[in-house]
Amino acid sequence: MKITPASMTFTLFMTCVIFGFSPAGWADKADREKTNVSDSTEQKQREGQEIFRFDTFGNEQLWTDVLRLHEAIATVDPATALAVGLKVDVDALPKELAAALQAGQVDLKKPEVTVELLRLNAVVGVKGNVDELGRLATIGVTCALCHSSVDDSLAPGIGKRLDGWANIDLNVGAIIALSPVLDDATKAEFNTWGPGKYDPVRHYFNGANIIPLNSPSQPVVIPSIYGLKGVGFETYTADGPISYWNSYVGIGQMGGKGTFTDPRTGLTIEQTPDLVTPKLPALYEYQLILKTPKAEAGSFDRAAAQRGKHLFRNKASCDTCHQPPHFTDVVRSPNQQEPFLHDPAEVGADPTYANKSATKKYRTTPLRGLQKHPPYFHDGSAADLLAVVNHYDKHFGLSLTEEEKADLVEYLKSI
């Protein structure tokens with residue numbers, strides 16, 4: 001689709017008071033004493049939240065200077081932006097604008113409204129700089145783009161932030177394909193990814209150019225990142241712990257300025273000043289406090305879930321690998337510095353993605369908030385939890401009845 005410049009004459013609510021960032025409620029003094037959270041740790045968590053939500057690590061060098069996406073996004077209306085999975089933080093909106101949106105009084109077909117939402121810093125995970133003439137001058141992205149959603153409390157795609165929730169609606173490939181500098185073949189490849197998926201090993205950015213890595217592209221499901229405390233080796237192939245992946249993605253994928261190296265893959269990126277590495281400790285502390293959402297009342301059959309729990313631990317033997325309390329065996333190795341992994345054939349998984357990784361294997365997925373982030377498996381090949389159960393029933397010859405499969409699904413929904 002050809003992108004053409006749009007008129008920038010319309011300005012919405014420019015004279016409204018801009019509501020600043022207000023962190024979500026933190027534990028009061030009694031709660032802090034109860035949980036032994038020190039003031040310094042809490043401060044680091046606050047810093048981590050700010051980094052997670054709003055820090056681009058200088059990646060405007062990729063999204064603006066190289067991809068020139070600010071030119072394309074300035075022509076995209078909010079309805080289209082919501083359709084490709086971008087979310088709007090209702091807490092960043094002036095009350096007048098929020099009320100107008102709720103009343104249907106804002107024209108969501110006007111690209112100028114998108115620019116105004118960016119000026120208000122209200123688009124989750126996207127940070128735009130709007131100049132004094134109302135033009136979108138730069139664009140960058142933050143961790144929240146892929147790993148936050150909203151609760152839809154005002155309208156679909158508009159609500160309060162849900163940090164750590166995978167944005168399963170986000171079509172990253174379609175957004176990147178808006179770039180006016182990419183050739184048609186590259187755009188076509190990005191457009192095959194679809195909502196909720198991203199290929200982190202297809203290309204990397206070295207600070208100046210986008211470099212091909214592995215072909216063909218095989219996108220994986222964007223993961224939720226809540227409930228990570230105590231899990232260990234948090235990625236699909238367990239290439240490294242949280243901060244390893246934050247560094248790789250922040251620099252090599254998001255395009256932030258920094259230095260990353262992994263001798264196992266031969267990848268080295270060096271940029272100064274390093275705007276990523278010094279922020280990894282605070283980002284890590286914030287990610288560790290993102291709690292797994294509890295299964296909502298009425299979202300599963302409790303009696304069936306109890307039967308499913310018994311099957312999980314006995315006939316199906318799921319807990320052989322999905323060991324409590326985190327439902328993974330990745331830290332079962334005697335050497336805690338090395339992950340315990342599985343060959344793709346062992347679990348009936350497609351080896352393509354693993355073969356592109358440093359480990360060539362997969363870790364057992366920790367089961368957390370499963371209802372909130374379909375599809376399942378690293379490649380999204382299981383559309384729902386019944387498909388997951390069917391896969392393992394066939395692969396391991398479990399001979400589960402249809403009733404037993406249904407009970408297992410109810411248990412998985414309850415986790």
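## Helix packing, salt bridges and backbone geometry

Helix 16 (residues 385–396) packs on helix 17 (residues 402–414) at about 125 degrees, and their axes lie 9 Å apart. That angle makes helix 16 oblique to helix 17. This is a predicted model: local features need pLDDT of at least 70, side-chain atom pairs count only at pLDDT 80 or more, and totals for chains, interfaces and linings use all residues. Residues are numbered from 1 along each chain as its sequence is written, and side-chain values use heavy atoms, with hydrogens and water left out.

**Terms for helix geometry**

- Helices (H or I, at least four residues) and strands (E, at least two) are DSSP runs, numbered from the N terminus.
- Axes are lines fitted to C-alpha atoms, for helices over the stretch in contact; angles run from 0 to 180 degrees between N-to-C directions.
- Angles under 35 degrees count as roughly parallel, over 145 as roughly antiparallel, 65 to 115 as roughly perpendicular, and the rest as oblique.

**Helix 16 on helix 17**

- Helix 16 contributes Leu385, Leu386, Val389, Asn390 and Asp393 to the contact (heavy atoms within 4.5 Å).
- Helix 17 contributes Lys405, Leu408, Val409, Leu412 and Lys413.
- By class, this contact of helix 16 with helix 17 has six nonpolar, one polar and three charged residues.
- Ala, Val, Leu, Ile, Met, Phe, Trp, Tyr, Cys and Pro count as nonpolar, Asp, Glu, Lys and Arg as charged, and the others, Gly among them, as polar.

**Helix 11 on helix 12**

- The axes of helix 11 (residues 242–253) and helix 12 come within 10 Å and cross at roughly 120 degrees.
- Helix 11 and helix 12 are therefore oblique to each other.
- Helix 11 passes helix 12 in a right-handed crossing.
- On the helix 11 side, Ile242, Ser243, Asn246 and Ser247 make the contact; on the helix 12 side, Leu280, Leu283, Tyr284, Gln287 and Leu288 do.
- The contact of helix 11 with helix 12 has five nonpolar, four polar and no charged residues.

**Salt bridges**

- The structure holds 19 salt bridges (a side-chain nitrogen of Lys or Arg within 4 Å of a carboxyl oxygen of Asp or Glu).
- Asp55 and Lys279 meet in one of them, at 2.8 Å from N to O.
- That pair links distant parts of the chain, 224 residues apart. Asp55 sits in the loop between helix 2 (39–54) and helix 3 (60–66), and Lys279 in the loop between strand 12 (267–269) and helix 12 (280–288).
- Asp55 counts as buried at 17% relative accessibility, and Lys279 as partly exposed at 24% (buried is under 20% relative accessible area, exposed over 50%, partly exposed in between; 1.4 Å probe, protein chains only).
- Asp329 and Arg332 pair at 3.6 Å, N to O. Asp329 is buried at 0% relative accessible area, whereas Arg332 is partly exposed at 42%.
- Glu410 bridges to Lys413, with the closest N and O atoms 3.1 Å apart. The two are three residues apart in helix 17, so about one helical turn separates them. Glu410 counts as buried at 14% relative accessibility.
- Asp393, Glu402 and Lys405 are linked in a salt-bridge network.

**Helix 7**

- Helix 7 (residues 111–119) is mostly covered, with eight of its nine residues buried.
- The buried residues are Pro111, Glu112, Val113, Thr114, Val115, Glu116, Leu117 and Leu118.
- Their packing partners are helix 4 (69–73), helix 5 (78–83), strand 1 (88–89), helix 6 (95–102), strand 2 (126–130) and strand 3 (136–141).
- Just after helix 7, Asn121 takes a positive phi of about 60 degrees.

**Backbone geometry in loops**

- A cis peptide bond joins Ser215 and Pro216, with omega about 0 degrees. Pro216 lies in the loop between strand 9 (210–212) and strand 10 (220–221).
- The bond from Pro374 to Pro375 is also cis, with omega near 0 degrees. Pro375 is in the loop between helix 15 (352–355) and helix 16.
- Ala238 is not a glycine, yet has a positive phi of about 55 degrees. Ala238 lies in the loop between strand 10 and helix 11 and counts as buried at 2% relative accessibility.
- Phe327, not a glycine either, has a positive phi of about 60 degrees. Phe327 lies in the loop between helix 13 (302–313) and helix 14 (344–347) and counts as buried at 14% relative accessibility.

Key:
Left-handed = near helix turned anticlockwise from the far one by under 90°.
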